[in-house]
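Me: Can you walk me through this structure? I'll paste it here, and I'd like plain answers.

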Amino acid sequence: MSTGRQAIPRYRAFEGPALFRQGFRPFFLGAGLWAFVDTALWIAVLNGLLSIPTAFAPAAWHAHEMIFGFAAATIAGFLLTAIPNWTGRMPLQGGPLAVLFAIWLIGRAAVASSAIIGPPLAAGLDLAFPVLLVGVVLREILAGRNWRNLPMPTALVGLLVANVLTHLETMGLADTGSIGQRLGIGIIILLISLIGGRIIPSFTRNWLAKRGATSMPAVPSGFDRFCLALVVAALGAWVAMPAAMATGTLLLLAGIASFARLARWRGQCTLAEPLVWSLHLGFAWVPAGLCLIGLGVLVPSAVPATAGLHALSAGAIGSMTLAVMTRATLGHTGRGLAADRWTTAIYILIAAAAAARVAAPFMVDFYGALLLASAFLWSAAFGFFVVHYGRILIRDRA
């Protein structure tokens, strides 16, 4: 799990629960549990079986928790584990890690009960986690003089701003909820484009080299920087002007460029190892989503607006988080980097869930059935992750 220069990570002697030994443990487990629970609650709300006492509109609550609850926890787990590899500094573990995780949990409860405790208090409790996470990550990056990874705390600040925008609407102060959602999704997709562009070709190259392959992924070059710049411009335009024709054109161009970038990483050579091809498949949802959103702007009569949105959320975010969480959990707990049947099933289920969710608005007659199928497959993927990997996350290193 490295995206910068290598340093030697150090750990203090720790006699507490294994769950709080490393940052990925509580946050990966929490993210997996929340992805499962939130989806189950959302389906119950949609079918009139449950009412959640939140000040958010039901759809806005679901979107908020997927972006700023589930995805934010995954990002936290990744960064808190990667930072010691970048800087060589002591990681957050033990009591401080447990406190940070508890604050994330409090945020989930606060948003869900915001109609009871009041939107301002709920906002304060929910925003405490991203504020503290920004502080922790920025402190380590600066103290370790790891300037290459300054975009990480910058992205976290952007997520914090996006979260604030959603709460402002709930408090009745501004009509900024949809902008906050788009900004949150856009930043996460940009992080996937940035980090994925580092780890996917690197992991692929390592796997192919062990098998004596001669054809390797392309090394990072100016083409990658051009693609990233195009993605930044397209996502920025989507946040600010989602219906503009220029935005649609930029999104389509960014999607095509990202497809070309992905093709340079030799994913077709990794079909024998799900732990590697899952990263390629997860990343493929990024250009697919960008193209679909762009086409939805340019030819709205042919491409539903929600298709591209769910290609990015259910597809890219859902698939990439599971691909990264499974690999990182195995590697950082001393287990072999090879996918077993459980892990392969997780990858297949999340891909099927995303495909069903993207297909639903295209197939109006089967919309309800595809929506339920997508929710079931999504819950099964994260349920398998919690059951199979939860046992690893709460135990000592192998």
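Predicted model: local features only at pLDDT ≥ 70, side-chain atom pairs only at ≥ 80, totals over all residues.

Me: OK. Where does Arg-266 lie?

Reply: Arg-266 lies in the loop between α9 and α10. Its phi is near 65°, a positive value in a residue other than glycine.

Me: And is Arg-266 buried, exposed or partly exposed?

Reply: Arg-266 counts as partly exposed, at 24% relative accessibility. The cut-offs: buried is under 20% relative accessible area, exposed is over 50%, and partly exposed is in between (1.4 Å probe, protein chains only).

Me: What about phi of Arg-145?

Reply: Phi of Arg-145 is near 55°, again a positive value in a residue other than glycine. Arg-145 sits in the loop between α5 and α6 (151-170), and at 58% relative accessibility it counts as exposed. For background, most residues other than glycine have a negative phi.

Me: Switching to aromatics. How many aromatic pairs does the structure hold?

Reply: The structure holds 13 aromatic pairs. Rings of Phe, Tyr and Trp (its six-membered ring) pair if their centres lie within 6.5 Å; planes under 30 degrees apart count as stacked, over 60 as edge-to-face and the rest as tilted. One of the pairs is Phe-27 with Phe-101, edge-to-face at 5.4 Å centre to centre and 85° between the planes.

Me: Which parts does the pair of Phe-27 and Phe-101 tie together?

Reply: Phe-27 is in helix α1 (residues 24-46) and Phe-101 in helix α3, so the pair ties together parts that are 74 residues apart in sequence. Phe-27 counts as buried at 0% relative accessibility, and Phe-101 counts as buried at 12%.

Me: How about Trp-277 and Tyr-347? What sort of pair is that?

Reply: Their ring centres are 6.0 Å apart and the planes are at 70°, so Trp-277 and Tyr-347 are edge-to-face. Trp-277 lies in helix α10 and Tyr-347 in helix α12 (residues 341-359), so that pair ties together parts 70 residues apart in sequence. Trp-277 and Tyr-347 are buried.

Me: Which residues form an aromatic cluster?

Reply: Phe-20, Phe-27, Phe-101, Trp-104 and Phe-129 form one aromatic cluster.

Me: Now helix α8. What covers its buried residues?

Reply: The cover includes α7 (177-210), α9 (245-263), α10 (274-298) and α11 (305-332). Among the buried residues of α8 are Asp-224, Cys-227 and Trp-238. Helix α8 (residues 222-240) has 19 residues.

Me: And Ser-379, what does that touch?

Reply: Ser-379 touches Phe-36 and Thr-39, not counting residues up to four places away in sequence; contact means heavy atoms within 4.5 Å. Ser-379 is found in helix α13 (residues 367-393) and counts as buried at 12% relative accessibility.

Me: Last one: where is Ile-106, and how exposed is it?

Reply: Ile-106 lies in helix α3 (residues 95-112). With a relative accessible area of 43%, Ile-106 is partly exposed.

Note on methods. Residues numbered from 1 in each chain as written. Heavy atoms only, no water. Helix = DSSP H or I, 4+ residues; strand = E, 2+ residues; numbered from the N terminus. Expected span 1.5 Å × (residues − 1).
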